[in-house]
Amino acid sequence: MLSAAAAAAAALQAENLVQHLAADMESEAIEAKTLTLKLKTTDFAVRTRAVTLPGHVHTVQQMLPPILKLLRAELPCEIRLMGVRGSSLRRVASTEDMLNAAAAHGRLNALQRMILQGRQQQQQRGEAVGQQQGEQQDEQHLQQEQEQEDAGGEVGQSAAYNAEHGAAS
């Protein structure tokens, strides 16, 4: 018979494994639809149990309950080794992708609308700043050309032309 302490230790080990899996999935920007628990018992039997979830998951909070449910269904047993894996993988959609998809389907909640509006305003400000910087650069180029002309710019332009085309001045 498995003691309550052994069951708690197995649950703690499963939680630790799920935390590592979630960290790996986050670093790779992937999520899984199927979670698998693999147990090797002290009598060298191997038990593999999997659950396919309704949606893709990638956080500890999403993955731990189904893994613990699979584990509880296998207890009591004396566990020698335990493993957890995810499969049916896909790339995690970025927040921008999710917002755009929700907007395209008209399913934005109030917070998503505010985020999207804020990003649009940032883009508009960025475009205005970029346009203003471009105008300032144009002004500086015109001013430099005028200064060159005032200081005998024709010679300077000829030298630049000759340097570009390989002719001697």
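Leaving aside its neighbours within four places in sequence, which residues is E74 in contact with? Select E74 and show what surrounds it: setting those sequence neighbours aside, you'll find L39, R47 and R49 in contact with E74. Keep in mind that this is a predicted model. E74 belongs to helix α2, and because its relative accessibility is 11%, under the 20% cut-off, this glutamate counts as buried.

**The sheet**

Now switch to cartoon and pick out the strands. You're looking at an open sheet of 3 strands, in the order β2-β1-β3, with antiparallel pairing. At the edges sit β2 (46-57) and β3 (79-91), each of which pairs on one side only. Going from one strand to the next, the twist averages 15°. Strands of a sheet pair through backbone hydrogen bonds, either parallel or antiparallel.

Zoom in on β1 (residues 30-41) and β2: they run antiparallel, joined by 8 bridges.

Next, bring up helix α1 (residues 4-28). It lies across β1, β2 and β3, and runs at about 30° to β3.

Hide the strands for a moment and look at the helix pair. Two packed helices are described by the angle between their axes and the distance between the axes. Here α1 and α2 pack at about 140°, with axes 9 Å apart, and their crossing is right-handed. To see the contact itself, select A10, A11, A14, E15, V18, Q19, L21, A22 and M25 in α1, then V60, M63, L64, I67, L68 and L71 in α2. Coloured by class, that contact of α1 with α2 comes out as 13 nonpolar, 1 polar and 1 charged residues.

In soluble globular proteins, nonpolar side chains tend to be buried together. The largest nonpolar core in this model has 22 residues, and the members touching the most others are L35, L37, M63, I67, L71 and M82. Two or more residues of this core come from each of α1, β1, β2, α2 and β3.

Beyond its neighbours within four places in sequence, M82 is in contact with A10, Q13, A14, L17, L37, K38, L39 and L71.

Key
Residues are numbered from 1 along each chain as its sequence is written. This is a predicted model: local features need pLDDT of at least 70, side-chain atom pairs count only at pLDDT 80 or more; totals for chains, interfaces and linings use all residues. Side-chain values use heavy atoms; hydrogens and water are left out. Two strands pair if DSSP finds at least two bridges between them. Helices (H or I, at least four residues) and strands (E, at least two) are DSSP runs, numbered from the N terminus. Axes are lines fitted to C-alpha atoms, for helices over the stretch in contact, and angles run from 0 to 180 degrees between N-to-C directions. Contact means heavy atoms within 4.5 Å. Buried means under 20% relative accessible area, exposed over 50%, partly exposed in between (1.4 Å probe, protein chains only). A crossing is left-handed if the near helix is turned anticlockwise from the far one by less than a right angle, and right-handed if clockwise. Ala, Val, Leu, Ile, Met, Phe, Trp, Tyr, Cys and Pro count as nonpolar, Asp, Glu, Lys and Arg as charged, and the others, Gly among them, as polar. A nonpolar core is a set of buried Ala, Val, Leu, Ile, Met, Phe, Trp, Tyr and Cys residues joined through side-chain atoms within 4.5 Å.
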